[in-house]
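This report looks at the confidence of a model and then at two of its residues. Please keep the sequence and the structure in view while reading.

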Amino acid sequence: MNRVSRTLSAAVGLVLAAGLAALPTTAVAAPAPAPAVQGYTATAAGYAGSAAEDADNQAFYQAVMKSALAKQAATPYLKAVVVTYDASSAPTFRNQIAQSAQIWNGSVANVQLRSGTNADFRYYEGNDSRGSYASTNGHGQGYIFLDYAQNQQYNSTRVTAHETGHVLGLPDHYSGPCSELMSGGGPGTSCTNPYPNSTERSRVNSLWLRG
């Protein structure tokens, strides 16, 4: 998704999960960031979310769904909608991306994440003062950006699974407990839970039930 002009508000920090290699000195360039981002945590900016950002996130999720459903037309026998992602521009977080996809695939039945070409969305990595975020232009185009510094402070797999949750249609809820994946960095750096709770799982299954 190379045409992104909006992004949903700020974020900071996340600990690299076990097995993550030392951060590279050069990052893969992400598309030019837009003015608003839906991030992992916006504590530094005192941000708690907005209706406009929720609408942009919904546009992102709906466009991903539309893209996935169009490709599924060739294989109508599949019971779940397959969403294809491209992690080639986030090599440092390859393991975390694969783990978050596995977590979501084991948590919901109506949508499944697969790595491949002709992707419905992409991951990027690098340095950004806003931290990690799901970025969208408000018209459905979007990508996930994973920030190096943030992933040194918070659990990296939780961050990645959280941002992927936006693609599946879930908004931020920073005031939630650690057991709630979309609470992001709200519970603090000690929170390492990368799994969606029952409410989040049910919501995603409902959103993807019939496209």
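The chain is a predicted model with a mean pLDDT of 78, and 69% of its residues reach 70 or more. Among the elements of the chain, helix α2 has the highest mean pLDDT, at 98, while strand β1, covering residues 38–39, has the lowest, at 72.

| Stretch with pLDDT under 50 | Contacts beyond four places in sequence |
|---|---|
| residues 1–26 | 123 contacts |
| residues 43–48 | seven contacts |

The next residue, S107, belongs to helix α2, which spans residues 94–107. Is S107 buried or exposed? S107 has a relative accessibility of 17% and the cut-off for buried is under 20%, so S107 counts as buried. A polar atom of the S107 side chain lies 2.7 Å from the backbone oxygen of I103. Which residues does S107 touch once its neighbours within four places in sequence are left aside? S107 is then in contact with P196, R201 and N205.

The other residue is D56, located in helix α1, which runs over residues 51–72. The relative accessible area of D56 is 6%, under the 20% cut-off, and therefore D56 is buried. P171 is 115 residues away from D56 along the chain, and the C-alpha atoms of D56 and P171 are separated by 10.0 Å.

Definitions and conventions: Residues numbered from 1 in each chain as written. Predicted model: local features only at pLDDT ≥ 70, side-chain atom pairs only at ≥ 80, totals over all residues. Heavy atoms only, no water. Helix = DSSP H or I, 4+ residues; strand = E, 2+ residues; numbered from the N terminus. Buried < 20%, exposed > 50% of the residue type's maximum accessible area, 1.4 Å probe, protein only. Polar contact = N/O pair within 3.5 Å; in protein donor to acceptor, adjacent residues only side chain to side chain. Contact = heavy atoms within 4.5 Å. pLDDT = per-residue confidence, 0-100.
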